[in-house]
Every structure is written in C-alpha cells, then in structure tokens.
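Trainee: I would like a close look at one part of this model. Please take the charged pairs and walk me through them.

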Amino acid sequence: MNRKNIHNQIKYRIARNKASEVVITIYSFLITIPLIAIIFYVLKTGLSKLSWQFLTNIPQPVGELGGGIANALVGSILIVLLATIIAVPFGILCGVYLSENKNAKLSYWSRLAVDVLQGTPSIVIGIVIYFWVVKPRGGFSAFSGSIALALMMLPIVIRSTEETLKLLPDTLKEAGLALGLPYHKVILKVIIPCGVSGILSGVMLSIARIAGETAPLLFTAFGNPYLTTNVLKPMQTLPLLIFNYATSPYDEWHDLAWGASLILLIWVLAMNLITKLITRRWKVQL
C-alpha cells in the first residue's frame, strides 16, 4: 500500500470521526430540549404566582382571591420524611447483605424481588397499600402514603448501597477483622462509613424519585384542604394539589397548580443536583 492510499485512509477516518462527534453533539443537545422547554414553561407560568403568602397560606374557597400551598408543602415534607425514615434503614441493611453474600441463593432471589419491585407501577403499589393499610385502619392517612412511597424508595436505596459497597476493597474489612473487631462492628464502623457518600447519593435520588408521585397518594393520603401535622389523618401533598387543581374549572386553582408545580420542580432539581455533587465527591475520594 503506497503512501497516497494510507494518507487517504487517514483522512477518511478523521472525517468519519469528526462526523460522528458532530452527530453525537447534535443528539446530546436535542435530548436537552424537552427538559429546557418544560423548565422554561413552568418558570414562565409559575414564577409570577410565588410570594410569601403563597407559601404560608392554605388554599381559599372557590371564588375568593389569594390562598397558598402551605398545607401541601408541609404535607409533602412530612410524608417524604416519614417514608425516608421507613425505607432507608431497611434498604441499607438489605444492600449490605447483598454485597456481603454475593453468591448466596437468598441473595439471588432478593435481587430478583428488588428488580420486580422497582418495575412495579406506582399505582399498583398504591392499590396494594390501600387494601393492606387503609382499609384495615378504616381511613386514609399520611402514614399509609409514606408506606407506599417507602416501597418505591427501597429498590433505589438497596441497589445504590449494594453497588457502592461492592466497589470498596476487601482489605478494609480484612483490616478490621485482623484488629479483632467483631463482624457487625466492622460493617457499622468501617464498611458503611467508607461508602456513606455513595449510599447518601442513592437516598437523595430515591427522595427525588418519590417527591412527584401522585398515584400512590390518591389511594392512601387522599388529600386535605386544611393544614395538619397528624400523620394518622388524610394529608395534602404538592402532587395531589397539582392534580386536583389543574383538572378543576377554576382559574384561581389553576394559578395555585402552576405555582405548586414550580416549587415541586425546584425540589426535584435540587435533589438531583445534590445527588450529582455527592456522587462526584465520593468518586474523587475513592
């Protein structure tokens, strides 16, 4: 093969490489357009509705001006917080078991159950919790909503914990055992603290995942037009408020729905950004 043919092949490969880079860049930009469009439209529509009164007042009756989303904001925080308290300990313990017993038969079936649970539609989880918790109790409650959301959080927390602990070198555990520490103290004092950033990123990601869920709460928390902190009673949340008010025929309620949508969007974006920062910091430390 002469030099001319080699030169032509090199030029062809360089041109093909540049063309591939251009195509990838264009498609990378295109996939951001829907997100940018949604954020821009929600900002444009909901930003004018935000005020201190909007965040601190409860909704007013139909026909009256003003009102806010204080009941939904407090309800979302309480329900998500309770779901986190329920899901995180179980998720971390299950993730530790799966990482420590990679080839056990129980681990195989546990991973399969986690995968199936992760793929279960949220509305199905809501219906199940309705028959398991709501009907036996005889009424809707924020607690039943937290249980439904906790079930949705579990697969993410379990998987993030398992994959994070798998990346840690075995020498950490061996060093702890060599110093005479009991197995459970090695796990609690050495292994989990070393992977806390990765575990925390999974927790934050799961919170962002459930923050905007509506279907499970329709069958569990149900909603409440008043401000309440009793988790054993029906409670309003931001997704429920948006769903109910956006489908109503009243313009005042539409305004509340747009404002609540902006607050919820900011919440979810903040959770995702925090997750990215935690993950990046953990990778640098590792």
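Trainee: Is K166 buried, partly exposed or exposed, and at what relative accessibility?

Mentor: Keep in mind that this is a predicted model. K166 counts as partly exposed, at 36% relative accessibility. Buried would need a value under 20%, and exposed one over 50%.

Now look at its partner. K166 forms a salt bridge with E162, and the closest N and O atoms lie 3.1 Å apart. The two residues sit 4 residues apart in helix α6, so about one helical turn separates K166 from E162.

E162 has another contact. Its side chain meets that of R111 in a salt bridge, at 2.7 Å from N to O. E162 belongs to helix α6 (residues 142-166) and R111 to helix α4 (residues 105-119), so this pair ties together parts that are 51 residues apart in sequence. Both ends are buried: E162 has a relative accessible area of 0%, and R111 has one of 15%.

Step back to the wider group. A network of salt bridges links K166, E162, R159, D115 and R111. In general, side chains of opposite charge can pair when their charged atoms come close.

For another pair, go to E213. E213 forms a salt bridge with R209, with 2.3 Å between the closest N and O atoms. E213 counts as buried, at 13% relative accessibility. R209 is partly exposed, with a relative accessible area of 38%. In total, the structure holds 6 salt bridges.

Methods: Residues numbered from 1 in each chain as written. Predicted model: local features only at pLDDT ≥ 70, side-chain atom pairs only at ≥ 80, totals over all residues. Heavy atoms only, no water. Salt bridge = Lys/Arg side-chain N within 4 Å of Asp/Glu carboxyl O. Buried < 20%, exposed > 50% of the residue type's maximum accessible area, 1.4 Å probe, protein only.
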